[in-house]
Amino acid sequence: MSAATAPLRGPWRSVAFRIALNYGLLTLFFMAVLLSIVYFQTVVGQRHHIDRQITLASQRLVARFVQGGAEALTEQIAINLADGVDSDSEVYLLQDSSGQRVAGNLPAAAHWRSVGDAISSQDTTRGGQRVRLRVVARALDDGKLLVVGRDLRDQRQVELAVGRAILAAALVALLLVIVGAYLFRLDIETRVAGIRRTAARIEAGELHQRIPGADQGDEFAGLSQDINRMLDRIEDLMAGVRHVSNTIAHNLRTPLSRVLLRLRQAQRPGTPLEEMHEAAQTAVREIEDLTVVFDKLMQIAEAESGARRHGFAPLALDDIATGVVELYDALAEAQGATLTLATDDAAVARGDRDLLASALANLVDNALKYGGSAGLPAAVQVRVERWGEVSRIIVRDNGPGIPAAEHARIGTRFHRLPGDPARPVPGYGLGLASVMAIVHLHGGRVLLADAAPGLVMTVELPALPG
Amino acid sequence: MWRCLIVEDDAENARYVAEGLREHGHVAVVCRDGMEGLQRAVSEAWDLIVLDRMLPNEVDGLAILSTLRNLGKKTPVLVLSALSALDERVRGLNAGGDDYLTKPFAFSELMARLEALMRRARSGPEVRELQVADLRVNLVNRSVERAGTAIALQPREFRLLAYLMTHARQVVTRTMLLESVWDYHFDPQTNVIDVQISRLRQKVDTGFALPLIHTVRGVGYLLSETGEAAAA
């Protein structure tokens, strides 16, 4: 099983799961901090509240004692215990110096000591249960001891309840994080699965497959679009390769079999020396031609593969045009044709000088070859201009032009115009294919237009600023 | 006479080059393997080396070339390769090759290039004026005169003539002209070079009894007073 079709093993192998889980754990940590704050605020706040109440109650009782003596105090304690407010938790004790309880709901005990205003926690037995109390014990002027406090049983229960709630919340949150991570992972995996399925099918040879859902506008859609574009390009290239191998098979085999036939004939015994010599010469010529075809195909393939782009540099197109026109002016002169040049030095593009010169040479060559009709000499104009964001090289001739129906097929390898059978023009049908490949390599395009009469070939390249 | 080392694994190609060189009166030694080629290239004295790029035994032509250059040896090297892409040519020349010829090739092209290489390797101090018969070319003020009459040439025509004069009595091929005079490394479809030469020929030879620019059929051109290439 290939890597592309192997399922992801275990949740830990899934990036989505790990991301969700890490995010969840982070959330959990923050929650723990928040819950701790809640816990301490509730519990500690409640304790302060209790202490304040104890202080207040004891101060009130001491004041009562100062005003009305022991009887008033005893009465007040009885009232406090009977008023129904906090009667479960509030505790009072008035104990005389001999350790006897005078009033209150706490058993008298020897261990009560006056500690002034300080509230302390004390364990004691109340109603047969060990309970924790929060108390203040004060010595009164007549030698009695007043103990005021609160039974912390209720408080403890509240604390326990809060703690349990926090624990439960934490457990539920952890569960939610895990479930969330799992769902998140499922979602991501579903999106990735589309890409993986397409990749697997392409690997299996279905080159026309594309990733679905590339129009949804999210990150995955963006990725899918990029991959789909790449696949389009690969498919184009593959189609090109197939086309080339087919046409090579056809266009190279024919001359090869011609050569072979000639040579086999010459090999037969009794062939005159002159004929053998001629056969050898024909073979040499044909093979030289084949080499040219082969070189051109290689050049096109090289341009199409885009391998040359790393050598690109800013180029002045007027220099290239000047060089090519200089190369061809003697030929034009010899043919009685005219070759004129108009340049614009703002036309600059990034590219490969040799390739662009070769493309332009091809166009000029064609224009000189096909330009001119009905006895008129060819008149070829080469113009270089800057047009906003594009730099253009325009080659215009005064020939018969190319019928509009043929425009789409121009640039197909080995495709040749029907032309005039009485006036065959040498060539292999590779020139324009190579021009197209070179211009595409440079990120430009080739436009054909009718100049009535004549053909206008425009090479548009992205211009460099400046 | 040159002592030539041919490092080439294809027996037929190697034989073809070696025999051709021997016919021209040179000594040719063939190495069919990269390792041996490297050893012999480094340890013996050669006038020139013809080097194939793809060789057996894990030592390729470029490795031999860079080793040679790293050792400071300046022996002219012509790289002979089936790798014809411009990138590959650049790689070959960057590694220290003096010239690059792609297969399939004509022996005459190889010979013309080797002669140009040898000439360059031997060239002495900077030449300011060249002369063949009564044709004089001044490279400094870019003037041309024949039998005392000035000939007006366009800049490109001057470079063409200057190249032919620098390689006087040697065959130069169309590709060599395109590469050196125009600095183009592509094959123009039509024989534009032929037309350029014939225009130059009109200016240089018309009206003179002795033709200087000669066409060598199937190969290229030759500038000489006799129409014959000088023996190297």
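This is a guided tour of the structure, stop by stop.

The model is predicted: local features need pLDDT of at least 70, side-chain atom pairs count only at pLDDT 80 or more, and totals for chains, interfaces and linings use all residues. Residues are numbered from 1 along each chain as its sequence is written, chains are lettered from A and ligands numbered from 1 in the order written, and side-chain values use heavy atoms, without hydrogens and water.

**Stop 1: the surface of chain A**

Select A:Tyr23, A:Leu26, A:Phe29, A:Phe30, A:Val33, A:Leu34 and A:Ile37. Together they form a nonpolar surface patch with about 750 Å² of accessible area. Patches take residues with over 30% relative accessible area and no salt bridge; nonpolar side chains (Val, Leu, Ile, Met, Phe, Trp, Tyr) are joined within 5 Å, like charges within 9 Å. Areas come from the Shrake-Rupley method with a 1.4 Å probe, and for residues only the protein chains shown count as cover.

Now pick A:Leu26. This residue sits in helix α1 (residues 15–82) of chain A. Helices here are DSSP runs of H or I with at least four residues, strands are runs of E with at least two, and both are numbered from the N terminus. A:Leu26 is partly exposed, at 45% relative accessibility. Buried means under 20% relative accessible area, exposed over 50%, and partly exposed in between, with a 1.4 Å probe and protein chains only.

**Stop 2: a salt bridge in chain A**

Stay on chain A and select A:Arg47 and A:Glu159. They form a salt bridge, with the closest N and O atoms 3.2 Å apart. The term means a side-chain nitrogen of Lys or Arg within 4 Å of a carboxyl oxygen of Asp or Glu. A:Arg47 belongs to helix α1 and A:Glu159 to helix α2 (residues 153–203), so the pair ties together parts of chain A that are 112 residues apart in sequence. Over all chains, the structure has 42 salt bridges.

**Stop 3: the largest cavity**

Select A:Leu356, A:Ala359, A:Leu360, A:Leu363, A:Ile393, A:Val439 and A:Val459, which line the largest cavity. On a 1 Å grid over the protein atoms alone, a cavity is a set of points where a 1.4 Å probe fits but cannot get out; a pocket is an open set with protein on both sides within 12 Å along at least five of seven lines; lining residues have an atom within 4 Å of a point. The volume of this cavity is about 50 Å³. Volume is the space filled by probe spheres set on the points, with grid points joined across faces, edges and corners. Helix α6 (residues 353–370) of chain A gives the largest share of the lining, four residues. An α-helix has 3.6 residues a turn, so residues three or four places apart point the same way. The lining has seven nonpolar, no polar and no charged residues. Ala, Val, Leu, Ile, Met, Phe, Trp, Tyr, Cys and Pro count as nonpolar, Asp, Glu, Lys and Arg as charged, and the others, Gly among them, as polar.

**Stop 4**

Move to chain B. B:Glu8 is one of the residues lining the second largest cavity, whose volume is about 30 Å³. B:Glu8 is buried at 3% relative accessibility. Its side chain meets that of B:Lys103 in a salt bridge of 3.1 Å, N to O. Step along to B:Pro104: a cis peptide bond joins it to B:Lys103, with omega about -5°. B:Pro104 is in the loop between β5 and α5.

**Stop 5: the second largest pocket**

Select B:Arg120, B:Tyr163, B:Thr166, B:His167 and B:Ser180. Of the 38 lining residues, these lie nearest the centre of the second largest pocket. The pocket volume is about 950 Å³. Its lining has 18 nonpolar, seven polar and 13 charged residues.

B:Asp183 has a positive phi of about 60° although it is not a glycine. It is partly exposed at 40%.

**Stop 6: a salt-bridge network**

Finish with A:Asp329, A:Glu333, B:Glu157, B:Arg199 and B:Lys203, linked in a network of salt bridges. Zoom in on B:Glu157 and B:Arg199, whose closest N and O atoms are 3.1 Å apart. B:Glu157 is in helix α6 and B:Arg199 in helix α8 of chain B, 42 residues apart. B:Glu157 is buried at 3%, and B:Arg199 is buried at 9%.
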